[in-house]
Amino acid sequence: TFDARRFTEPAAAEAAREAGRLDVRTRLKTANRRHSAAWYTVQSRADWESLRDVRLAHLRRSLTLDPLPTEPRALHTTGRIDGDGYRIENVTFESRPGVWVTANVYSPRPAREKMPGILIIHSHHAPKTQGELQGMGMTFARSGAVVLVMDQLGHGERRTHTFAAEQQYPGEYRASRQDYYFRYNTGVQLSLVGESLMGWMVGDIMTGATLVARRPGVDPSKLILLGAVAGGGDPAGVAGALDRRFAAVVPFNYGGYEPEDSFPLPDDAETTFNYAGGGSWESTRNLRLSARDGFMPWAVIGSIAPRGLIYAHEFRWDEPRDPVWKRLNTIFGLYEAGDKLGSAFGSGTVRGKTVADTHCTNIGALHRKQLYPLLEQWCGLTPPTEEYPERRTSDELRCRPADAAPFALHEVLQKIAAERLAAARARRAELDVAELRAALRRELGGLLGTVDSPGWEEDAARSAPQTVGPYVVEVVAPTSREATGPIPLPMTIIRAAGSESRASPPLVVAVAQGGKAALLKQKAELIRACIEQGGVFVAVDLRGTGETRPTDEGRGRTAGSTSRSSTEQMLGETILGQRLRDLLTTLAYLRARDEFSRSQIALYGDGLVAANSAERSPAAPLDAADLPTSSEPLGSTVCLLAALWDDSIAAVYGGGGLVSAATILEGPYFYVPHDAVLPGSLAQADLADLLAAQKARIKLADLRDGANRAASAMQRERLLADYQAIATGAGRGRVEIAESAPTAKALAAWLLTSPSGE
């Protein structure tokens, strides 16, 4: 036993743990400054529109909304309610092939001419049947408008899970929050196939707008879009920017000042405000590439000008210091349309629990009263003299049978993934191994972010190697030469005592999400076997693992690692891509040391976590106390990627990795960390493609499915068959797939086999 830590002093250890987060914060601040500098060059309407158009184009590409989906399909009316001055129709329609929308349409009774059309996008708190939504639907209809209230994707009758009531799971959980929590699963699955939750929500809104605009008596020039306070304002703001049919847009809590922001803002908020926001598990708040490409929330809602915009806040608002409000006034001023910009706000705070804290589920009475005068001025909506109090039951507003199964979104995504992956494979079908490697580096590199190593700096403060029993142990931390500052790469190098004079011993370089400490503890037998057979074992902490993992950063849906992964995607990077860069930097460092082999390097990656039992159902509420264990496929994945980028890797062993990323789409429940899922990857390649492009020998074992269960024999056979169908020439026959790991001695011998000994 020995101390494998490189950083033993508290201050140095804390600096190592915080280096990755500091790097993210620094790049986020840089992005804010860069895009603010572009804003400061705007002097005219033409300047603004040039800036706006570029950013909206980036937004459409990020959301894969080009062309924009606007045509509803297969519209069905499944129920009708006639009330006092209003009618409700329960309708369903397809917004995309296989994607059904459930909605209630409120209209005046009797019908009128030249009516405004209103779309209300509900919050993440409750679906279309919630009381405030019903009240607005009936009240606005009685005032002479047609109102559409849809269930957002994953909510209400479109939910993907089975936990709509407390009795549907044996443990404690909040049934009313599951639609909201499962936005995470839905967002990750959509991302995997190259789509986005925001993009699909916006597509639903645009399709709904067409439905409303075509209703008899509706004036299509008077379309109004209302986005509710929590999770409704985000898609409403984006849809309002992209779809210029909306004459007025009200995106609550979106665009700038948010309920969580400090009050009051500092006097220098113009230069210090975080316009980009930050990543979290709620993907509609942190759009991929937004910080890199400049379609930040303020720019999105600013793009609504010169149409009507109400900058709306659920709670108190620091109007005098709000820098986004100042920018919006400038933009509307360029159009001489200051009368088309309004505001609405409440009082108190999101954490307050008094009557002064204006909480609401969607859009509260206090907030609605502030909207009426502006919507009357802009769109002719007659303000109600009083709000209609009647409410209908959820069953009355149901659009599908009460016993209908949850929406199988995963099946739609499986089809999309299969079609896109087949097309990508067809494009590469005639390539030889070298060409295939280059193509995958190009295609996956565009998804991973910056992959090329930035170079490294020597660890000037490293201590001399120490002799520990029969071993010589060196603990060192060269640093990756990042533009924002050094990122330490702590590693432990172990060799046999007395072997220092041996020329160029082979290397086994090992990585895992648990870091080098976990590798040294759990794989001691393998390490001994490698050293006894003449090798050098190197265990490395890639950024965010081991000594560089923040102590408060967990691995779940709401954990800091998920937030950091989301923020990286906003910046155009990925955690997986950064860790690949770290591993490539580590290899460059080791090759620069004369005492090690430059050509005989094997990579070892392992998950180091137990699989879930095949008997345990993966179905569980996302706030359950005892969720199934998540896999940790980083080690296997990053080693295979490194061997794709590095032509001289001799062998790769991967344990505990995913048998196929497509298994994440086998149901609404999966257990794979956010930072291990590469956005868009299933539209380009799966594990079989990565294996077919390898020059190195590959051995995979203990593979898992998306629910972190041991891969079945059928799944392993399918992987092998897919690999053999893709691989050509020298690429064939270099891959072994086993159910379980070999013995330590056998694996060490395989890892240390020289290329000439194959």
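Contact here means heavy atoms within 4.5 Å, and helices (H or I, at least four residues) and strands (E, at least two) are DSSP runs numbered from the N terminus. This is a predicted model, in which local features need pLDDT of at least 70 and side-chain atom pairs count only at pLDDT 80 or more, while totals for chains, interfaces and linings use all residues. Residues are numbered from 1 along each chain as its sequence is written, and side-chain values use heavy atoms, with hydrogens and water left out.

**View 1. The buried residues of helix H22 and the elements that they pack against.** Helix H22 covers residues 744-752, and its buried residues (buried meaning under 20% relative accessible area, exposed over 50%, partly exposed in between, with a 1.4 Å probe and protein chains only) are Ala-744, Leu-747, Ala-748, Trp-750, Leu-751 and Leu-752. These residues pack against helix H16 (524-532) and against the strands E16 (507-511), E18 (601-606), E19 (649-655), E20 (697-701) and E21 (735-738). In the protein chain, the secondary structure comes to 22 helices and 21 strands, and 61% of the 758 residues count as buried.

**View 2. The salt bridge between Lys-128 and Glu-157.** The side chains of Lys-128 and Glu-157 meet at 2.7 Å, N to O, in a salt bridge (a side-chain nitrogen of Lys or Arg within 4 Å of a carboxyl oxygen of Asp or Glu). This pair links distant parts of the chain, 29 residues apart, with Lys-128 in the loop between E4 and H3 and Glu-157 in the loop between strand E5 (146-150) and helix H4 (178-181). Lys-128 is buried, with a relative accessible area of 2%, and Glu-157 is also buried, at 12%. Thr-129 lies in the loop between strand E4 (115-121) and helix H3 (131-142) and, leaving aside residues up to four places away in sequence, touches Gln-134, Ser-394 and Leu-397.

**View 3. The salt bridge between Arg-437 and Asp-647.** The closest N and O atoms of Arg-437 and Asp-647 are 2.6 Å apart. The two residues link distant parts of the chain, 210 residues apart, Arg-437 belonging to helix H14 (residues 433-448) and Asp-647 to the loop between helix H19 (634-645) and E19. Arg-437 is buried at a relative accessible area of 2%, whereas Asp-647 counts as partly exposed at 42%.

**View 4. The salt bridge between Arg-564 and Glu-553.** The side chains of Arg-564 and Glu-553 meet at 2.8 Å, N to O. Arg-564 sits in helix H17 (residues 560-570) and Glu-553 in the loop between strand E17 (536-540) and H17, 11 residues apart. Arg-564 counts as buried at 8% relative accessibility, and Glu-553 is buried as well, at 5%. Elsewhere, salt bridges that share partners join Asp-23, Arg-27, Glu-482, Arg-543, Glu-568, Arg-581 and Asp-582 into one network.

**View 5. Backbone features at Pro-264, Asn-253 and Leu-289.** Most residues other than glycine have a negative phi, and most peptide bonds are trans. Asn-253, found in the loop between E7 and H8, has a positive phi of about 55° and counts as buried at 3% relative accessibility. Leu-289, in the loop between H8 and helix H9 (290-293), has phi near 75° and is buried at 12% relative accessibility.
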